[in-house]
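Welcome to a short tour of a protein model.

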Amino acid sequence: MGNETGTNLNNSSPIQGDMADLVCVMLEQNRLREQQMEQIITKLMNNQRTTTPMMLPNLMKTIPMFTGETGDTDVAAEWLNALKTAAQLNGWLDESTLEAGRSYLEGATRNWYLSHMGELNTFEKYSKSFEAMFMAPEGVTETWKRMYERVQQKNETVFAYFHDKVRMCRRLKLSMRETKKMICVGLHSRDMSSALMSNGHVLEEELMADIREFNEVSLIRGERYRNTSTPGKQILAARSTSVPKDSTDKQDATTNIPIKKEFRKTYDGPRCYNCQLTGHVARDCTQPRQPLKCTKCKLEGHTAKYCQVTNTPDVNLVNCQNRRTLSQSQTDCKIESDKYLLTASALLCKAAID
């Protein structure tokens, strides 16, 4: 029994050794196969990167058109940085970046590129020439002049004007007080300028918050009181519309109701008491000043309010008799004329008899 057990153990040990060797060989083969697969995938990816053509994306929202007519070096630097950033993010080649830079030029910059096109064959030369032409250092005097002449345009929002003016002031390294003063000088709204100057601002954010709040209040008030009118305008409208009292108004044939002829009196503006014309008042009149004339005594030098002439009753000597006295005198004259006629006829008859 013991001899048989020992014989089985001796036979099983070679078999176990063979199995372990086989497992080691299989693991090594798997490792080599994984390395080969990784090398194949890496090679395919490299081939795909080199053979795939580069496609220019739509840059309308990232790179604006550049004209160079404003002369602002900050705008030129911003445009060039936007072009370089788009090229870096999209992995463009040098030729693609140069083509994109050429495509987004117009006006003066387009003529500049056409005149130097033979020299600008690489993007590096293009960038250096662009910086030398449009990004040259600007003098302090010219920068101050452009900043001082910068005012809010007619259709420009106050926010666009604010940020552009702050950029110019920062370039000149002005203090917050001077920056606020320059901003208020160029504002279109006088009320907003007065409100901002009456408050003390330490930061640009505080100034911008007040501008935003003032703008919101102005918009709300404009919408609320757009269709309402002032009491003066209401009184003027009531005076300008009237209905004449005419006894000869036409009547409607069906209802027998008088039809009023309504008319609206046109308002030509205020009347000037100096030249008697409409459209302006006396303080804005360009005609020579007329002397004051009193409507009471018809003399010059004062008005009726300060007239010292006493009131005298006007006596009309022609119409001093009443209507009854005039008719009675007319009757008496007629009677006297009849008496003279009878006396004359009697005398003629007596002369004819004799």
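## The overall picture

The protein's secondary structure amounts to 12 helices and 4 strands. Helices (H or I, at least four residues) and strands (E, at least two) are DSSP runs, numbered from the N terminus. This is a predicted model, in which local features need pLDDT of at least 70 and side-chain atom pairs count only at pLDDT 80 or more, while totals for chains, interfaces and linings use all residues. Residues are numbered from 1 along each chain as its sequence is written, and side-chain values use heavy atoms, with hydrogens and water left out.

Of the 354 residues, 19% count as buried. Here buried means under 20% relative accessible area, exposed means over 50%, and partly exposed lies in between (1.4 Å probe, protein chains only). Contact means heavy atoms within 4.5 Å. Among contacts between residues at least 6 apart in sequence, 43% join residues at least 24 apart.

## Empty space inside

Rolling a probe the size of a water molecule over the atoms shows where empty space is left. On a 1 Å grid over the protein atoms alone, a cavity is a set of points where a 1.4 Å probe fits but cannot get out, and a pocket is an open set with protein on both sides within 12 Å along at least five of seven lines; lining residues have an atom within 4 Å of a point. Grid points are joined across faces, edges and corners, and a volume is the space filled by probe spheres set on the points.

How many cavities of 30 Å³ or more does a search of the whole structure find? The search finds 1, and the volume of the largest cavity is about 30 Å³. Its lining residues are Met147, Tyr148, Arg150, Val151, Lys165, Met182, Val185 and Gly186. Helix 6 (140-149) and helix 8 (176-185) each supply at least two residues of this lining. By class, the lining has 5 nonpolar, 1 polar and 2 charged residues; Ala, Val, Leu, Ile, Met, Phe, Trp, Tyr, Cys and Pro count as nonpolar, Asp, Glu, Lys and Arg as charged, and the others, Gly among them, as polar.

The second largest pocket holds about 210 Å³ of space. It is lined by 14 residues, and Gln152, Val158, Ser189, Met192 and Asn215 lie nearest its centre. Helix 10 gives the largest share of this lining, 4 residues.

## A buried threonine

Thr143 lies in helix 6. Is Thr143 buried or exposed? With a relative accessible area of 6%, Thr143 is buried. Leaving aside neighbours within four places in sequence, Thr143 is in contact with Glu138, Arg171 and Leu172.

The structure holds 0 disulfides, a disulfide being a pair of cysteine sulfur atoms within 2.5 Å. The closest cysteine sulfur to that of Cys272 is in Cys275, 3.7 Å away, which is too far for a bond. Cys272 counts as buried at 0% relative accessibility, and Cys184 counts as buried at 5%.

## Two lysines with positive phi

Most residues other than glycine have a negative phi. Lys173 has a positive phi of about 60°; this residue is found in the loop between helix 7 and helix 8 and counts as exposed at 76% relative accessibility.

Lys298 has a positive phi of about 60° too, although it is not a glycine. Lys298 is in the loop between strand 4 (263-264) and helix 12 (323-353), and at 57% relative accessibility it counts as exposed.
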